[in-house]
Number of protein chains: 2
Amino acid sequence: MVNCPTAALVIIGQELLSGKVKDENVGYLTQQLYALGVEVKRVLFVCDDEGDIVEALRWVVDRHDHVFTTGGMGPTHDDVTVAAVAQALDRRLVHSPSLERLLETLYGLQSGPERFRLSRIPEGAELFYPEGARYPQLIVGNVFLFPGVPAIVRSKFEALADRFRGTPIFTEFLDLDRTELEILAPLTAVVETYPRVRFGSYPRYEGGKETVRLTLDATDEAHVREALELLQRLLKV
Amino acid sequence: MVNCPTAALVIIGQELLSGKVKDENVGYLTQQLYALGVEVKRVLFVCDDEGDIVEALRWVVDRHDHVFTTGGMGPTHDDVTVAAVAQALDRRLVHSPSLERLLETLYGLQSGPERFRLSRIPEGAELFYPEGARYPQLIVGNVFLFPGVPAIVRSKFEALADRFRGTPIFTEFLDLDRTELEILAPLTAVVETYPRVRFGSYPRYEGGKETVRLTLDATDEAHVREALELLQRLLKV
């Protein structure tokens, strides 16, 4: 879409790749970002392996305006996201005295290698405190680190949403009681007439019957309306 | 996991990246493959752009035993998966007379550029007919092309499942009425004692209370049982 900021999601967690847990964050984040006028271009799921996470981040970090990670933010052996983000962005891990204090006061974590490990952050990271939050969110360059728990992703994202607001995208849709093959020629004609409108065609099967939903998206509302009118005229609906 | 065949999923469709449609295939495919003893290492969502699909495929095709694509298999302008697979695997697109006949007899598609385009397949592709299927599934090298519609993915995958059977993976789990921080030391000790067991730690929040589920996976059942016993002993449960 013309002029829209772009985003990538890096979804981290072996539990999602083995089907033990069903991801709920992709649906939420893609919908929210699109409503803000941000185009999610890629989503990558990787397991809790530092090398795999680094590789995924390096693939997306320079090519998208915003990158969101979910998962791998807890205290256990399989939580390696912070270290992976530091490595992918070529930043050192540095000690955060304020995080170390929080780990002690909030969670009673005693001094030792675990508290030390959990208080390291990539150099230059922002510690963002949403209103009412006790524990900060990490932001490193254009990478926003979210935990995996869907309820926490939602509350943290809402607190940040204004940072991502782009040009609104207008959407129209048209439900047709026909098959994709039946509408192929008129649809192709309209697609070629309106190159700045994005057309989607989604067949549905219910009770053995195929129907189709067409979607039209663009940042220019007038283009969407014109394209929809032409489509309706050619399809005689 | 030692000796397990690996897989990657390439999930194609702008509707999933804009949150218009919620993906249902990742949850199904990861669960089925894991149950068969196949490790899904990566999942990539990309939009209906031939270049983006080619890039995603090239990233995964040589590094995994099996690659599954979903989406982009219909007849409209945004269905470019077949061409992208051909390009990613450096194969020419060739004309399939048998597909062209099917397009005519099954769907009444008249001779013309659309029928010609839809009857092209990557050179050397296998046309696989599951029992009872009227239209074949495309298999190109280690890439299995599925449509996006979840019900069809399920029936087609079931017909192919036996091709992917690996060594079964044994799983145990342990639900604890504690936080991750409270179990950190014993968990870390057991993780270090059993390097061939994969341990997962998943916090849950219900009614403001944190609990945790630990999972233990390995192809060697005895290792899983021993590790679980040690964990229970150290955690005194």
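1. In chain B, β10(B) and strand β11 (residues 209–218) pair in the antiparallel sense over nine bridges. Strands are DSSP runs of E with at least two residues, helices runs of H or I with at least four, numbered from the N terminus; two strands pair if DSSP finds at least two bridges between them. Within this pairing, Arg204(B) stands opposite Thr211(B) in β11(B).

2. This is a predicted model, in which local features need pLDDT of at least 70, side-chain atom pairs count only at pLDDT 80 or more, and totals for chains, interfaces and linings use all residues. Residues are numbered from 1 along each chain as its sequence is written, and chains are lettered from A and ligands numbered from 1 in the order in which they are written.

3. The open sheet of chain B has three strands in the order β9-β11-β10, with antiparallel pairing. Its edge strands are β9 (170–176) and β10 of chain B, each of which pairs on one side only.

4. The contact between the chains (C-beta atoms, placed from the backbone, within 7 Å) takes 47 residues from chain B and 46 residues from chain A. On the chain B side, the elements giving two or more residues include α2 (25–35), β2 (39–46) and β10 (198–206).

5. Strand β2 (residues 39–46) of chain A runs antiparallel to β2(B), joined by five bridges. Val43(A) has Phe45(B) as its bridge partner.

Conventions:
Two residues are in contact if their C-beta atoms, placed from the backbone, lie within 7 Å.
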